[in-house]
Each structure stands twice: as structure tokens, then as C-alpha cells.
Amino acid sequence: MPRAPSNVQPSSLDSDGWSERALSELTHLRLELAVPHAPEAERALLGGLLLRSDCYGEVATRLCEEDFHLAAHRDIFSVMTALARTNMPIDTVTVREVLAQRGRLETVGGDDYLLGLTDTIPILDHLCSYAKLIHDRGRQRRLVARSIARLAALTSVNTSLARRQNANTERTR
């Protein structure tokens, strides 16, 4: 079991064995970590698909709804997927209609946001590259989430063991 550094006084440790300084540094580090995502690529891909729905099939083989970081973008891509499955055209009119039917139009930013997706398309020929980038960032986020869950589970086990050890030590005194 990890032990506190020798320069840390026992009185400065909390009930879980963390010093205030260590907790402060951990919190600061957590705030500086950025979640892997590519919002510009997400916007460019969605806008590109609104202009070139014929690219949807190739793009859809490279990523899934969960790869999008922004909830609004997941909603829009979900609608595009539903339209493609029913052989409906993917464009601003049909996507807007389905979002409105689902009660999600305002949640994604309304008409202005949806129409704005087609304003800033870097290069339409790069849609598959954007899809790969979005997929890679989604995979990285899932890896980070699994790592955090494992760390939390290990920390919980170590905390439980430390509390039992402290309780046993107190009983023997």
C-alpha cells in the first residue's frame, strides 16, 4: 500500500490519506486536462454532409454517433443516420424537420446554428479525414473514461483497505 511521503505530517492528511497540497495539485491538474475533441472537424463534417449527402455512406463507415463530443452534433448526426436508413435526402430542410419533430431543434442551436453549419466548410473532399479525426478523438475520450473509472475503483479499494487498517490499529491500542 502506498505510504505518505516522509515530509507530510500525519495531522495534515485527510481521512483518505491525502494531503491538502496533494488534493490541490490534483484538482489543478484535472482542470488543466482537456477532453480530446475536435469541434471544428465536427462542424465541418456535419456541414459538409448537409451539402454533399452522397458522402454519408463512406463517412458513416468511419465513425458513429458516440464519436461526436458535442451533444448537439450527436443529435444532428443521429438524424442524418435515420434519414439515410429510410433513403430520405440529407439536407438542411429534412434534418431541420426531423429535429423539430423530435423536439431537439432548439437544443442543437435552432435554425441559425443548423444553417450556419454550411457556412464554414474548409474542403468538402476532406470529409473522410474529418470523420477519422472525430472517430480518433471519440476513441481517446472513451479510453480516458475507462482509465478514470479504473482509477476510481482502485482508489475506492485502497481507501477501504486503509480505513480497515486504521480501525484495526485503533482497536489494538
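Biologist: What does Ile76 touch, not counting residues up to four places away in sequence?

Modeller: Ile76 touches Leu46, Val95, Leu99, Val108, Tyr113, Leu114 and Leu117 on that count. A contact here means heavy atoms within 4.5 Å.

Biologist: What kind of model is this, and which residues and atoms count?

Modeller: This is a predicted model, in which local features need pLDDT of at least 70 and side-chain atom pairs count only at pLDDT 80 or more, while totals for chains, interfaces and linings use all residues. Residues are numbered from 1 along each chain as its sequence is written, and side-chain values use heavy atoms, with hydrogens and water left out.

Biologist: How many helices and strands does the protein chain have, and what makes a stretch count as one?

Modeller: The protein chain has seven helices and zero strands. Read from the N terminus, the order of elements is α-α-α-α-α-α-α.

Biologist: Why is His73 called buried?

Modeller: The relative accessible area of His73 is 1%. Buried means under 20%, exposed over 50% and partly exposed in between, with a 1.4 Å probe and protein chains only. His73 therefore counts as buried. This residue is in helix H4, and its contacts beyond four places in sequence are Pro39, Glu42, Arg43, Leu46, Phe68 and Tyr113.

Biologist: Is Leu46 buried or exposed, and how do you know?

Modeller: Leu46 has 0% relative accessibility, so it is buried. Leu46 belongs to helix H2. Leaving aside neighbours within four places, Leu46 is in contact with Phe68, His73, Ile76, Phe77, Met80 and Leu117. From Leu46 to Leu114 there are 68 residues in sequence, and the C-alpha atoms are 9.2 Å apart.

Biologist: What makes the largest nonpolar core a core, and which residues have the most contacts inside it?

Modeller: A nonpolar core is a set of buried Ala, Val, Leu, Ile, Met, Phe, Trp, Tyr and Cys residues joined through side-chain atoms within 4.5 Å. The largest one has 31 residues, and Leu45, Leu49, Ile76, Met80 and Val95 have the most contacts inside it. At least two residues of this core come from each of helix H2 (39-51), helix H3 (56-60), helix H4 (71-85), helix H5 (92-101) and helix H7 (127-172).

Biologist: What makes H4 roughly perpendicular to H5?

Modeller: H4 and H5 pack at about 110°, with 10 Å between their axes. Their angle therefore makes H4 roughly perpendicular to H5. Asp75, Ile76, Val79, Met80 and Leu83 of H4 meet Thr94, Val95, Val98 and Leu99 of H5.

Biologist: How many disulfides does the structure hold, and how do you know?

Modeller: The structure holds zero disulfides. A disulfide is a pair of cysteine sulfur atoms within 2.5 Å. The closest cysteine sulfur to that of Cys55 is in Cys128, at 6.8 Å, which is too far for a bond. Cys55 is itself buried, at 15% relative accessibility.

Biologist: Why is Arg62 called partly exposed?

Modeller: Arg62 has a relative accessible area of 37%, so it is partly exposed. Arg62 sits in the loop between H3 and H4. Beyond four places in sequence, Arg62 touches Asp67, Cys128, Ala131 and His135.

Biologist: Are Asp54 and Asn87 buried or exposed?

Modeller: Asp54, in the loop between H2 and H3, is exposed at 60%. Asn87, in the loop between H4 and H5, is exposed at 70% relative accessibility. Asn87 also has a positive phi of about 55°, although it is not a glycine.

Notes: Helices (H or I, at least four residues) and strands (E, at least two) are DSSP runs, numbered from the N terminus. Axes are lines fitted to C-alpha atoms, for helices over the stretch in contact, and angles run from 0 to 180 degrees between N-to-C directions. Angles under 35 degrees count as roughly parallel, over 145 as roughly antiparallel, 65 to 115 as roughly perpendicular and the rest as oblique.
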